Amino acid sequence: MNKACPECGDKIVGRIDKKFCSDGCRNAHNNKVNKDGKNLIRNINNRLRKNWRILESLNPDQKTKTTKTKLEAKGFDFNYFTSIYTTKAGTIYYFVYDQGYLPLDNDFYALVKRQ
């Protein structure tokens, strides 16, 4: 039985359940199939990574305060975070992985790191 590679059309040699002629063709095929969804995910992950780096750089001692102006000047995007934590008292913290922020009065923010 001669099977053809779905990516390049070459004859497949080897195991009977082999689907592609090479790793390169397998990777090329899977990259084409997953391209649309991967772009969205990549862009969101890049946004989260940037937000995390900004919070980490402004919070070297695990707990501090900063301003909305400073966060925005560094490119922080308040639309992207990974979780919300609400305390028993009803205080809402927003987290980007282990780095969190709490909106305070007068456009100040408390920055925290979850242990």
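**Entry 1: salt bridges**

I count a salt bridge when a side-chain nitrogen of Lys or Arg is within 4 Å of a carboxyl oxygen of Asp or Glu. By that rule I find 4 salt bridges in the structure. I keep in mind that this is a predicted model. As background for myself, side chains of opposite charge can pair when their charged atoms come close.

I looked up arginine 15 and found its salt bridge with aspartate 17, where the closest N and O atoms are 2.9 Å apart. Arginine 15 is exposed at 62% relative accessibility, while aspartate 17 is partly exposed with 46%.

My next pair was arginine 26 and aspartate 23, whose closest N and O atoms are 3.0 Å apart. Both residues belong to helix H1 and lie 3 residues apart, about one turn of the helix. For arginine 26 I noted a relative accessible area of 34%, so I wrote it down as partly exposed. Aspartate 23 has 52%, which makes it exposed.

Then I turned to aspartate 98 and lysine 113, which meet in a salt bridge at 3.8 Å, N to O. Which parts does this pair tie together? Aspartate 98 sits in the loop between strand S3 (92–96) and strand S4 (99–103), and lysine 113 sits in strand S5 (residues 108–113), so the bridge links parts that are 15 residues apart in sequence. Aspartate 98 is partly exposed with a relative accessible area of 23%, and lysine 113 is partly exposed with 31%.

**Entry 2: helix H1**

I stayed with helix H1, which covers residues 23–58 and includes leucine 40. Is leucine 40 buried or exposed? I have it as exposed, with a relative accessible area of 55%.

In what order do the strands of the open sheet run? I read S1-S5-S4-S3-S2, 5 strands with antiparallel pairing. S1 and strand S2 (83–86) stand at the edges with a single partner strand each, so one side of each has no neighbour in the sheet. From one strand to the next the twist averages 30 degrees.

I then went through the pairings. Strand S1 (residues 63–67) runs antiparallel to S5, and 5 bridges join them. There I found threonine 64 opposite leucine 111 in S5. S4 and S5 are also antiparallel, over 5 bridges, and proline 103 has tyrosine 109 in S5 as its bridge partner. S3 and S4 are joined by 3 bridges, again in the antiparallel sense, and tyrosine 94 has tyrosine 101 in S4 as its bridge partner.

Last, I looked at the turn of the hairpin that S4 and S5 form: 4 residues lie between the strands, and asparagine 106 in the turn has a positive phi of about 55 degrees.

Definitions and conventions
Residues are numbered from 1 along each chain as its sequence is written. This is a predicted model: local features need pLDDT of at least 70, side-chain atom pairs count only at pLDDT 80 or more; totals for chains, interfaces and linings use all residues. Side-chain values use heavy atoms; hydrogens and water are left out. Helices (H or I, at least four residues) and strands (E, at least two) are DSSP runs, numbered from the N terminus. Buried means under 20% relative accessible area, exposed over 50%, partly exposed in between (1.4 Å probe, protein chains only). Two strands pair if DSSP finds at least two bridges between them. Axes are lines fitted to C-alpha atoms, for helices over the stretch in contact, and angles run from 0 to 180 degrees between N-to-C directions.
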